[in-house]
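This report looks at ring contacts, a surface patch and a strand pair. Please keep the model open while reading.

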Amino acid sequence: MAFITRQNIRSLSSSAALRAAIKHVTVIGGGLMGAGIAQVAASTGHSVVLVDTSEDILKKATKGIEASLKRVVKKKFAEKPEDGEAFVQKVLKNISTSTDAASVVQGTDLVVEAIVENLKVKQDLFGALDKAAPQHTIFTSNTSSLPIADIASSTARLDRFGGLHFFNPVPMMKLVEVIKAPATSQQTFDVLLEFSKALGKHPVSCKDTPGFIVNRLLVPYMLEAVRLHERGHGSKEDIDVAMKLGAGYPMGPFELLDYVGLDTSKFIIDGWHEKDPDNPLFAPSPLLNKLVAEGKLGKKTGEGFYKHK
Ligand SMILES: C[C@H](O)CC(=O)SCCNC(=O)CCNC(=O)[C@H](O)C(C)(C)COP(=O)(O)OP(=O)(O)OC[C@H]1O[C@@H](n2cnc3c(N)ncnc32)[C@H](O)[C@@H]1OP(=O)(O)O
Ligand SMILES: NC(=O)c1ccc[n+]([C@@H]2O[C@H](COP(=O)([O-])OP(=O)(O)OC[C@H]3O[C@@H](n4cnc5c(N)ncnc54)[C@H](O)[C@@H]3O)[C@@H](O)[C@H]2O)c1
């Protein structure tokens, strides 16, 4: 570990050297995204510590990772199921868990944060981690909508702070948006691009602008679907079928909102509305607000726009 130091980081030029820079990864948040990121990092040979606030959440996350890995190997090792089982066990061995982020970051090359979409909570976390992590450790956030520069402002490592935005479900979705904030160094950015490739993902470069590329287009689209339904211009079922069969989307907007999480979707739109209240694309939705207030957060709680088993 600790391949990158401030002294040798300038000599990191080849792809191989950049890839070798990240061996030990700490993923903070063991929910939908964090569990998927930990799974993919462990599957590609990284040693991973997954952090959350309670042992119960971590147990649930580990069970989810095991179930997801079994789905992956069913196809990948269809001819040799015993090799598939060995792969699952090997990957699970690469993952340990902890409820104490500050102690585990002492041995990490990269932090990927995937906790709740709230600026203050993220800043508090990174402020504490900055004091505990070694100099060489790179910090990243998987935020959907918050400026990376704002999250990084709670630390003194602005040059070693960037964005790594994964997509749900992480084991299946090939894209990673790599975000270069104004103070992110070119070396950090290059390491993050190579790390994304080492995970088997396709990185794209993004500026630190609201929603980066995908969410700036996708979130207004999903909210427009809710508004269309609120106006009585279509049932959610018809809108979903229309977008799947008429536009070739794998999920309709209501299915996707349930999949992403209605709380996360509300955090995103509320944050943008606060900053740009005149933009009609960022207007809050009464129906979304009502469902979140009722605790109907989508697939993860068993009900959102739809009921889930
Ligand atoms: C808001 C945020 O900031 C950004 C975001 O993340 S926005 C959300 C982005 N994500 C999307 O848009 C997802 C859109 N949906 C899809 O692409 C597809 O519906 C899907 C990949 C989720 C599922 O595919 P679908 O064909 O509908 O269902 P299903 O048959 O269950 O799954 C297809 C394959 O994926 C696998 N799979 C699905 N979820 C999986 C998971 N969590 N782990 C492992 N494998 C999984 C299945 O095993 C299956 O494999 P198979 O073809 O070998 O049987
Ligand atoms: N859901 C999506 O489709 C999606 C896609 C891309 C990015 N994101 C972003 O990823 C992040 C996580 O989203 P999610 O959907 O996985 O949320 P989630 O609610 O499923 O999981 C969040 C996890 O973080 C944990 N947590 C909260 N505060 C913590 C702290 N201080 N320390 C450690 N753990 C803490 C919670 O206990 C929970 O397990 C958010 O920033 C979100 O915007 C979400």
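Over which ring does the charged end of K76 sit? The charged end of K76 sits over the ring of F87, 5.0 Å from its centre. (A charge sits over a ring if NZ of Lys or CZ of Arg is within 6 Å of the ring centre and within 35 degrees of the ring normal.)

## Basis

This is a predicted model: local features need pLDDT of at least 70, side-chain atom pairs count only at pLDDT 80 or more, and totals for chains, interfaces and linings use all residues. Residues are numbered from 1 along each chain as its sequence is written, chains are lettered from A and ligands numbered from 1 in the order in which they are written, and side-chain values use heavy atoms, leaving out hydrogens and water.

The structure holds 7 aromatic pairs. (Rings of Phe, Tyr and Trp, the last by its six-membered ring, pair if their centres lie within 6.5 Å; planes under 30 degrees apart count as stacked, over 60 as edge-to-face and the rest as tilted.) F139 and F161 have ring centres 6.0 Å apart and planes at 85°, so they pair edge-to-face. The pair links distant parts of the chain: F139 is in strand β5 (residues 138–141) and F161 in strand β6 (residues 161–166), 22 residues apart. (Helices, H or I of at least four residues, and strands, E of at least two, are DSSP runs numbered from the N terminus.)

Both F139 and F161 are buried. (Buried means under 20% relative accessible area, exposed over 50%, partly exposed in between, with a 1.4 Å probe and protein chains only.) Ring pairs link F126, F139 and F161 into a cluster. R157 places its charged end over the ring of F139, 4.4 Å from the centre.

## The tyrosine pair

Y221 and Y249 are also edge-to-face, because their ring centres are 5.3 Å apart and their planes at 65°. Y221 lies in helix α9 (residues 214–230) and Y249 in the loop between α10 (236–247) and α11 (253–260), so the pair ties together parts 28 residues apart in sequence. Y221 is buried at 17% relative accessible area. Y249 is partly exposed at 35%.

## Strand β1

In strand β1 (residues 24–28), 4 of the 5 residues are buried. β1 pairs with strand β2 (residues 47–51) in the parallel sense, over 5 bridges. (Two strands pair if DSSP finds at least two bridges between them.) T26 stands opposite V49 in β2.
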